[in-house]
Amino acid sequence: AVLNDLALTAAMKRIGSALLRDLDGAEIKNSGLIGIYTFPACTDAITFARALRQALSDQGIRCRIGIDVGPVLVFELAPGSHDIAGSAVNVASKLAQDVGEFGKIQISDAVARRAGARRERPTLTFHVSGVELRAYDL
């Protein structure tokens with residue numbers, strides 16, 4: 001299991017770095033199949049997510065991706081090591097890990113509006129801590 005996690009981390013880092021070269025994004029954290037990236041625009045995040053999903057799928061790796069938008073705090077843990085906190089991180093995590101399906105990208109209602117990807121009805125509606133969240137599949 002440890003070797004699998006290391007191999008997945010290395011694959012995610014390699015693929016993510018290659019995809020980030022063409023976008024104005026940054027890798028914040030990477031561990032196994034958990035990768036956290038930031039982008040200045042929702043459309044860039046969606047472009048990256050689609051390309052990452054395809055690149056991983058080409059290698060037989062299925063993933064769940066969640067995207068939200070909002071203020072976050074990125075901080076340095078140690079030289080070269082960062083972490084991130086904020087509501088947008090929590091919502092993206094819920095979309096990917098709690099309600100996400102393998103092979104799908106779930107975007108929040110706010111991302112859908114900003115990226116012009118909003119549909120008539122959300123694909124998914126759920127409640128967390130008394131808050132209703134709506135998501136759309138890409």
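This is a predicted model: local features need pLDDT of at least 70, side-chain atom pairs count only at pLDDT 80 or more; totals for chains, interfaces and linings use all residues.
Student: How do you know whether Cys-42 and Cys-63 are buried or exposed?

Tutor: Buried means under 20% relative accessible area. Cys-42 has a value of 11% and is therefore buried. Cys-63, at 7%, counts as buried by the cut-off of 20%.

Student: What makes Ser-57 partly exposed?

Tutor: Ser-57 has a relative accessibility of 44%, so it counts as partly exposed. Ser-57 is placed in helix H2. Its C-alpha atom is separated by 8.0 Å from that of Gly-103, 46 residues apart along the chain.

Student: How are Asp-83 and Arg-134 classed by accessibility, and on what values?

Tutor: Asp-83 has a relative accessible area of 17%, under the limit of 20%, and is therefore buried. Arg-134 stands at 31%, between 20% and 50%, so it counts as partly exposed. Asp-83 lies in strand S5, and Arg-134 lies in strand S8, residues 131-137. Asp-83 and Lys-29 are 54 residues apart in sequence, and their C-alpha atoms are 6.3 Å apart in space.

Student: Why is the pair of Tyr-37 and Phe-48 called tilted?

Tutor: Rings pair if their centres lie within 6.5 Å, and the centres of these two are 4.6 Å apart. Planes under 30 degrees apart would count as stacked and over 60 as edge-to-face. The planes of Tyr-37 and Phe-48 stand at 55°, so the pair is tilted. Tyr-37 lies in strand S2 and Phe-48 in helix H2, so the pair ties together parts that are 11 residues apart in sequence. Both Tyr-37 and Phe-48 are buried.

Student: What makes Phe-39 and Phe-48 an aromatic pair?

Tutor: The distance from centre to centre is 5.2 Å, and the limit is 6.5 Å. With 45° between the planes, this pair too is tilted. Phe-39 is buried, as is Phe-48. The search of the whole structure finds 2 aromatic pairs, and Tyr-37, Phe-39 and Phe-48 form one aromatic cluster.

Student: How do you know that Arg-64 lies over the face of Phe-102?

Tutor: The distance from the ring centre is 4.6 Å, against a limit of 6 Å for CZ of Arg. The rule also requires a position within 35 degrees of the ring normal. Arg-64 is listed as lying over the face of Phe-102.

Student: Which residues line the largest pocket, and how do they divide?

Tutor: The lining comprises 37 residues, and Gly-35, Ile-36, Tyr-37, Gly-66 and Ala-92 lie nearest the centre of the pocket. The lining residues divide into 25 nonpolar, 7 polar and 5 charged. Among the elements that each supply at least two lining residues are strand S2 (34-38), helix H2 (42-58) and helix H3 (87-98). The space in this pocket is about 930 Å³.

Conventions. Residues are numbered from 1 along each chain as its sequence is written. Side-chain values use heavy atoms; hydrogens and water are left out. On a 1 Å grid over the protein atoms alone, a cavity is a set of points where a 1.4 Å probe fits but cannot get out, and a pocket is an open set with protein on both sides within 12 Å along at least five of seven lines; lining residues have an atom within 4 Å of a point. Grid points are joined across faces, edges and corners, and a volume is the space filled by probe spheres set on the points. Helices (H or I, at least four residues) and strands (E, at least two) are DSSP runs, numbered from the N terminus. Ala, Val, Leu, Ile, Met, Phe, Trp, Tyr, Cys and Pro count as nonpolar, Asp, Glu, Lys and Arg as charged, and the others, Gly among them, as polar. Rings of Phe, Tyr and Trp (its six-membered ring) pair if their centres lie within 6.5 Å; planes under 30 degrees apart count as stacked, over 60 as edge-to-face and the rest as tilted. Buried means under 20% relative accessible area, exposed over 50%, partly exposed in between (1.4 Å probe, protein chains only).
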